[in-house]
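Subject: Structure handover

Hello,

Here is the structure for you to look through. My notes follow below it.

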Amino acid sequence: MRSSAIEIRLLEPHPANRLLYGETVVSDELLQSISKNGFLQRVIVVQRGSRYTIVSGHARVAAARQLGMDVVFCDIMDEDVSPNRVIELMVDHNRYRERTTEMRAREAAMLLDLGSGPGAKAKPGEKKRKSEKGRREDRVSAVGYCIGG
């Protein structure tokens with residue numbers, strides 16, 4: 001991972017962020033903090049051509065836009081990181097933020113669909129669980145992972 005100052009106009013929200021967490025909300029506290037202290041954590045992005053997709057820091061970037069900032073310091077992930085891995089990292093970076101039960105359920109469902117996290121779907125050639133009990137255990141395990149258990 002490398003760090004760089006990136007023009008804010010080149011930063012795009014990850015489409016899965018809205019699906020998982022809804023509209024990005026910028027609190028007054030975040031605006032005040034960035035105004036006073038700048039960014040306490042860099043935004044994490046992945047480069048896709050000449051643009052950058054936000055992995056972690058959607059609210060910080062939205063706040064920077066509201067504050068009229070032109071440049072944001074970012075940590076840039078390697079371009080060869082897979083789209084599934086980007087989503088896994090997005091969920092992991094949001095693990096300690098305050099989330100609703102609905103957000104956690106959407107995270108678990110997305111991770112299961114990607115084949116990530118505990119209880120993920122079997123990979124091709126692996127033996128699949130056939131029982132309802134096994135599928136229920138997988139869902140509970142994935143939800144526990146997203147909740148932080």
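Arg51 and Glu12 form a salt bridge, with their closest N and O atoms 2.6 Å apart. The term means a side-chain nitrogen of Lys or Arg within 4 Å of a carboxyl oxygen of Asp or Glu. This pair links distant parts of the chain: Arg51 sits in strand β4 (residues 51–56) and Glu12 in strand β2 (residues 11–12), 39 residues apart. Arg51 is partly exposed, at 29% relative accessible area. Glu12 is partly exposed too, at 30%. The classes are buried (under 20% relative accessible area), exposed (over 50%) and partly exposed (in between), with a 1.4 Å probe and protein chains only.

Some ground rules. This is a predicted model: local features need pLDDT of at least 70, side-chain atom pairs count only at pLDDT 80 or more, and totals for chains, interfaces and linings use all residues. Residues are numbered from 1 along each chain as its sequence is written, and side-chain values use heavy atoms, leaving out hydrogens and water.

The overall picture. The protein chain has 6 helices and 5 strands. From the N terminus, the order is β-β-α-α-β-β-α-β-α-α-α. Helices (H or I, at least four residues) and strands (E, at least two) are DSSP runs, numbered from the N terminus. Of the 149 residues, 36% count as buried. The chain exposes about 9,200 Å², and carbon and sulfur atoms supply 51% of that. Areas come from the Shrake-Rupley method with a 1.4 Å probe; for residues, only the protein chains shown count as cover.

The structure holds 5 salt bridges. One of them joins Asp75 and Arg42 (3.5 Å, N to O). Asp75 lies in strand β5 and Arg42 in the loop between α2 (28–37) and β3 (43–48), so the bridge ties together parts 33 residues apart in sequence. Arg42 is partly exposed, at 43% relative accessible area.

Asp75 has other partners. Its side chain makes a 2.6 Å polar contact with that of Ser3. A polar contact is a pair of N or O atoms within 3.5 Å; within protein, one must be able to donate a hydrogen and the other to accept it, and residues adjacent in sequence count only if both atoms are side-chain atoms. Beyond four places in sequence, Asp75 is in contact (heavy atoms within 4.5 Å) with residues including Met1, Val43 and Val45.

Glu88 and Arg85 form another salt bridge, at 3.1 Å between the closest N and O atoms. They are 3 residues apart in helix α4 (residues 83–93), about one helical turn.

Best wishes
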